[in-house]
Amino acid sequence: MTLFAITGTPGTGKTSVSEELRSRGYSVIDMNVHIREHGLLGELDAPRDTHEVDLDDLNDSLQGYRDSDDLYLMDSHLSHFMDCSGIIVLRCRPEVLAARLEARGYGCAKVLENVQSEVLDVILCEAMDSDIPVYEIDCSEGDASASADSVEKILKGETSDYTPGKTDWSEEMDRWF
Ligand SMILES: Nc1ncnc2c1ncn2[C@@H]1O[C@H](COP(=O)(O)OP(=O)(O)O)[C@@H](O)[C@H]1O
Ligand SMILES: [Mg+2]
């Protein structure tokens with residue numbers, strides 16, 4: 001099995017990096033499409049404006065990719081909950097993330113909720129809560145192409161620059177809480 005998770009708070013760059021990787025010939029699973037195609041979209045969680053997804057069912061639905069000899073990557077903020085070979089957590093400096101989410105048209109509450117989650121390393125902590133190797137890429141600067149270069153390095157085993165703990169947004173805590 002070679003199935004890698006690309007995860008991170010909304011706005012960190014998962015989809016842009018995935019598009020870049022696809023253009024370089026990688027197979028990246030768009031998990032939103034996968035979830036819909038497999039009938040895994042659960043009930044609407046109206047206050048959060050998201051649909052619930054059963055993580056066990058989602059994990060099971062990926063078995064075909066695991067059984068394959070080919071490399072697959074997953075684009076989703078849920079991908080780090082899946083059984084996989086490695087987890088790549090994309091990170092973004094809080095003020096940069098806030099600007100990206102505002103530009104996307106998110107309201108204040110939704111921007112704040114996501115920025116707070118990023119400041120608190122929520123997805124990184126969830127990812128570290130498994131025995132799967134975790135890597136971290138700071139996507140605050142540069143562009144999706146540079147971030148895709150970093151993903152490629154990780155896939156080649158050049159992981160030393162991407163060990164978790166190199167990003168630290170704790171200085172921004174007061175500003176967002
Ligand atoms: N280094 C970088 N890596 C990835 N995306 C970046 C980077 N710098 C700027 N961006 C921009 O940030 C935005 C990220 O949005 P998107 O890829 O949709 O994030 P996500 O899928 O994680 O919600 C895009 O507009 C992208 O062009
Ligand atoms: Mg996305």
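Which residues does G86 touch, not counting residues up to four places away in sequence? G86 touches F4, I132, P133 and Y135, where a contact means that the two C-beta atoms, placed from the backbone, lie within 7 Å.

## Basis of the report

This is a predicted model, in which local features need pLDDT of at least 70 and side-chain atom pairs count only at pLDDT 80 or more, while totals for chains, interfaces and linings use all residues. Residues are numbered from 1 along each chain as its sequence is written, and chains are lettered from A and ligands numbered from 1 in the order in which they are written.

Helices (H or I, at least four residues) and strands (E, at least two) are DSSP runs, numbered from the N terminus. A residue is called buried if 20 or more other C-beta atoms lie within 10 Å of its own, exposed if 12 or fewer do, and partly exposed in between, with C-beta atoms placed from the backbone.

## G86 in strand β6

G86 belongs to strand β6. With 18 other C-beta atoms within 10 Å, G86 is partly exposed. From G86 to A127 the distance in space is 9.7 Å, C-alpha to C-alpha, and the two are 41 residues apart in sequence.

## The surroundings of ligand 1

Ligand 1 is surrounded by 16 residues, and the closest are G13, K14, T15, S16 and C139; a residue is near the molecule if its C-beta atom, placed from the backbone, lies within 6 Å of it. The most comes from α1, with 4 residues.

By type, the shell around ligand 1 holds 5 nonpolar, 8 polar and 3 charged residues. Here Ala, Val, Leu, Ile, Met, Phe, Trp, Tyr, Cys and Pro count as nonpolar, Asp, Glu, Lys and Arg as charged, and the others, Gly among them, as polar. S16, one of the closest residues, is found in helix α1. S16 is partly exposed because 18 other C-beta atoms lie within 10 Å. The C-alpha atoms of S16 and S117 are separated by 20 Å, and these residues are 101 apart along the chain.

## Helix α8

Helix α8 has 12 residues and spans 16 Å from its first C-alpha to its last, close to the 16 Å expected at 1.5 Å a residue; the expected span is 1.5 Å times one less than the number of residues. Buried in α8 are S147, A148, S150 and V151. Seen down the axis, these buried residues fall within an arc of 155°, so they line one face of α8; the arc is that of the directions from the helix axis to the C-beta atoms.

The cover over the buried residues of α8 includes α1, β6 (86-91) and β7 (134-138). After α8 comes G157, whose phi is positive, near 95°.

## Helices α5 and α6

In helix α5 (residues 94-103), the residues P94, L97, A98 and L101 are buried. They cover an arc of only 100° around the axis, which puts them on the same side of α5. These buried residues pack against α6 (108-119) and α9 (173-176). G105 follows α5 and has a positive phi, near 90°.

Helix α6 contains buried residues V111, N114, V115, E118 and V119. They line one face of α6, because they fall within an arc of 140° when seen down its axis. The buried residues of α6 pack against α5 and α9. D121 follows α6 and lies in the loop between α6 and α7 (122-128). The phi of D121 is positive, about 60°, although D121 is not a glycine. D121 counts as buried because it has 21 C-beta neighbours inside 10 Å.

## The nonpolar core

In soluble globular proteins, nonpolar side chains tend to be buried together. The largest nonpolar core in this model has 38 residues, and A5, I6, I88 and V89 have the most contacts inside it. Such a core is a set of buried Ala, Val, Leu, Ile, Met, Phe, Trp, Tyr and Cys residues joined through C-beta atoms within 7 Å. Not counting residues up to four places away in sequence, I6 touches K14, V17, S18, L73, M74, D75, S79, I88 and L90.
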